[in-house]
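Subject: Structure handover

Hello,

Here is the structure you asked for, with notes on what was found in it. Please look at it alongside the text below.

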Amino acid sequence: FNLPLAAYLRSRCADLEPASGLVRTAAFHELCRDYALSAGLSWPDSIPSGNVEAERFYNETAPELLQKALASARERFDAVLVDEAQDFLSSWWPLLDTLLVRPGVDPLIAFLDPSQDLWDRNSSLPLPMPRFPLRLNQRNTAAILRRFAPYSSTPLRCSPLAPEGEPPVELTY
């Protein structure tokens, strides 16, 4: 769902040898666009700018185009990994499962943090998936974790391997 992360991963995967081309990275709506265009479906040059129109496009129209494109698309995956899965609508999960060579069998992996639900989707994973809670923060410095722990609804624990880092600076505007 994160465009900068998708671009970063795409650049990293492009350098893989000999596996170049075996890993596909894209944000969800990039995937919708790529499949739609490869199926000869029209994709707008500019996305609607109004809140209601943009929301309808991203939440309904783009996934509908992906669904139509999947009817004739040959490209399927042995596994699909989704980061920031809390940002996904529940209705998108069956589409992601359809991207697999063997839907319902091949791995569909989701990383999510309900406390980071920026879009207030409150969506659930409708597909039966095992859950493995990550109880140790591996991505922040110890100083950042201590600063933001009071705002979390769940206890935060820092990896003992995390660097201390600079103390965060809070600026109020």
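Are F28 and F88 buried or exposed? F28 is buried, and F88 is buried as well; buried stands for under 20% relative accessible area, exposed for over 50%, and partly exposed for anything in between (1.4 Å probe, protein chains only).

Before the rest, some conventions. This is a predicted model, in which local features need pLDDT of at least 70 and side-chain atom pairs count only at pLDDT 80 or more, while totals for chains, interfaces and linings use all residues. Residues are numbered from 1 along each chain as its sequence is written, and side-chain values use heavy atoms, with hydrogens and water left out.

Overall layout

The protein has 5 helices and 2 strands, in the order α-α-α-β-α-β-α along the sequence. Helices (H or I, at least four residues) and strands (E, at least two) are DSSP runs, numbered from the N terminus. Along the principal axes, the C-alpha atoms fill a box of roughly 50 × 45 × 35 Å. Of the 173 residues, 28% count as buried. The accessible surface is about 12200 Å², and 56% of it belongs to carbon and sulfur atoms; areas come from the Shrake-Rupley method with a 1.4 Å probe, and for residues only the protein chains shown count as cover. Taking contacts (heavy atoms within 4.5 Å) between residues at least 6 apart in sequence, 55% join residues at least 24 apart.

Aromatic pairs

The whole structure holds 7 aromatic pairs. Rings of Phe, Tyr and Trp (its six-membered ring) pair if their centres lie within 6.5 Å; planes under 30 degrees apart are called stacked, over 60 edge-to-face, and the rest tilted. F28 and F88 are edge-to-face, because their ring centres are 5.4 Å apart and their planes stand at 65°. F28 is in helix α2 (residues 28-38) and F88 in the loop between β1 (80-82) and α4 (93-98), so this pair ties together parts 60 residues apart in sequence. W43 and F57 are also edge-to-face, because their centres are 5.1 Å apart with the planes at 75°. W43 lies in the loop between α2 and α3 (51-70) and F57 in α3 itself, so the parts tied together here are 14 residues apart in sequence. Both W43 and F57 are buried. Ring pairs also link F28, F88, W92 and W93 into a cluster.

Helix α2

Besides F28, the buried residues of α2 include H29, E30, L31, C32, Y35 and A36. The buried residues of this helix pack against α1 (3-14), α3 and α4. Just after α2, G40 takes a positive phi of about 80°.

D117

D117 sits in the loop between β2 and α5 (142-148). With 15% relative accessibility, D117 counts as buried. Leaving out residues up to four places away in sequence, D117 touches Q86 and N122. Q86 is 31 residues from D117 in sequence, but their C-alpha atoms are 5.6 Å apart.

Surface

L81, I109, F111 and L134 make a nonpolar surface patch of about 420 Å². I109 belongs to strand β2 (residues 108-110) and is partly exposed, with a relative accessible area of 37%.

Regards

Definitions and conventions:
Patch = residues over 30% accessible without salt bridge, like charges linked within 9 Å, V, L, I, M, F, W, Y side chains within 5 Å. Salt bridge = Lys/Arg side-chain N within 4 Å of Asp/Glu carboxyl O.
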